[in-house]
Amino acid sequence: MNQSIRVLTLDDFPFLEAMETGIEDDYVKRIFERLVSTEENRLYGLFVDGQLASVCGYTIFAERYAMLGRIRSDVRFRGNDLASKLTVFVRDEAFKRPSIHWVGANTQEENGPARRVLEKTGFREFSTLYGATAKDVSMFENGGNTWNKISSLERKKEWISQLYSGPDAVFPYECYYPFPASPELFADEKLMDWSFYENESGTRVLITKKDFKKYTYLQAIYPFDDLMEQSGFWETVSVDYLKLAAETEGETYVWMDLTQEQVLSLPSGHPFKLPSPWVLYGSERP
């Protein structure tokens, strides 16, 4: 059995189409051109006797992080540890980039095969978060005043330093893409673009920002467990969300990365969709 691994190019699309993965309407096919022709993305294929048997790639974030993904295997070749072999190869290729200090993967808790591959190949678990989405959070409003918007870059930096400086801190940098916190995630231009809101007593902060992953999202970041207890919190989220929805064509949602404790605090009948939680795995530079 002849095996080889190489970077995929546009010419390899027929090989991808010929794979039998069991995935209907695979988004990787829709974005294949971007994955193989942009600097921040790499897509690799493991070939067996000239046939594409497994696929894996990575995307660069904030110049420091590489997130693995798009792992696909042809069902006719499963059971040969090809996905594990390719994952190790792609991880090592990512670490060859001098700026990369962390390589990881974010996979759903219910995806047993992917989790086994990551654990088998030396990735450790960093966090588990629910990617909760909703189109209307007004049922949570309690009549409180909206929170005070922060305009000072220094005050934003103070909040980031307070909340995301610990060794185990994880920050949801984009929808689907949380990372272990580091200064590279919080460049000044990012902080100025993101909206920060403080409650009246200055003891809590909400961060909101726009993201697009097939749909448009208002990503709302709140790293405390009392989201159902803070007066005016949901009014503040709603105002930003309705403004974004009015400016956007197509479907728009609120996205929140929630911990298990936050999910348990939601009342019955809440509007959030809660798919299987996402488990973040990673590996630091050797």
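Mentor: Let us begin with the elements: helices (H or I, at least four residues) and strands (E, at least two) are DSSP runs, numbered from the N terminus. By that scheme the place of Asp225 is in the loop between β12 and α8 (233-247). This is a predicted model, in which local features need pLDDT of at least 70 and side-chain atom pairs count only at pLDDT 80 or more, while totals for chains, interfaces and linings use all residues. Residues are numbered from 1 along each chain as its sequence is written, and side-chain values use heavy atoms, with hydrogens and water left out.

Trainee: How many helices and strands does the chain have?

Mentor: The chain has 9 helices and 14 strands.

Trainee: Why is Asp225 called partly exposed?

Mentor: Buried means under 20% relative accessible area, exposed over 50%, and partly exposed in between (1.4 Å probe, protein chains only). Asp225 has a relative accessible area of 44%, and is therefore partly exposed.

Trainee: Which residues does Asp225 touch, not counting residues up to four places away in sequence?

Mentor: Contact means heavy atoms within 4.5 Å. On that basis Asp225 touches Thr259, Glu261, Gln262 and Ser265. A further separation concerns Val263, which is 38 residues from Asp225 along the chain, with 9.1 Å between the C-alpha atoms.

Trainee: What makes Ser165 exposed?

Mentor: The relative accessible area of Ser165 is 53%, so this residue counts as exposed. Ser165 is placed in the loop between α6 (153-163) and β8 (170-174). From C-alpha to C-alpha, Ser165 and Pro183 are 8.7 Å apart in space, and they are 18 residues apart in sequence.

Trainee: Why does Asp49 count as exposed?

Mentor: Because its relative accessibility is 56%, Asp49 counts as exposed. Asp49 is in the loop between β2 (41-48) and β3 (51-61). Its phi is positive, at about 50°, although Asp49 is not a glycine.

Trainee: How do you know that Lys214 is exposed, and what is its phi?

Mentor: Lys214 has 61% relative accessibility, and therefore counts as exposed. Its phi is near 75°, a positive value in a residue other than glycine. Lys214 is found in the loop between β11 (205-213) and β12 (215-221).

Trainee: Is Ser268 buried or exposed?

Mentor: Ser268 is exposed, because its relative accessible area is 73%. This residue lies in the loop between α9 (260-265) and β14 (278-284). The C-alpha atoms of Ser268 and Pro14 are separated by 48 Å, and the two residues are 254 apart along the chain.

Trainee: Let us turn to the helices. Why does Arg115 count as buried?

Mentor: Arg115 has 18% relative accessibility, so it counts as buried. Arg115 belongs to helix α5 (residues 112-120). Leaving aside neighbours within four places in sequence, the contacts of Arg115 are Thr107, Gln108, Glu109, Glu125, Val279 and Tyr281.

Trainee: What makes Ser84 buried?

Mentor: At 7% relative accessibility, Ser84 therefore counts as buried. Helix α4 (residues 82-95) contains Ser84. Apart from neighbours within four places in sequence, Ser84 is in contact with Val117, Lys120 and Thr121. Ser84 and Cys56 are 28 residues apart along the chain, and their C-alpha atoms are separated by 10.0 Å.

Trainee: Why is Cys56 called buried, and why does Cys175 count as buried?

Mentor: Cys56 is buried because its relative accessible area is 1%. Cys175 has 0% relative accessibility, and so counts as buried.

Trainee: How many disulfides does the structure hold?

Mentor: A disulfide is defined here as a pair of cysteine sulfur atoms within 2.5 Å. The structure holds 0 disulfides.

Trainee: Among contacts between residues at least 6 apart in sequence, what percentage join residues at least 24 apart?

Mentor: In this chain, 70% of those contacts join residues at least 24 apart.
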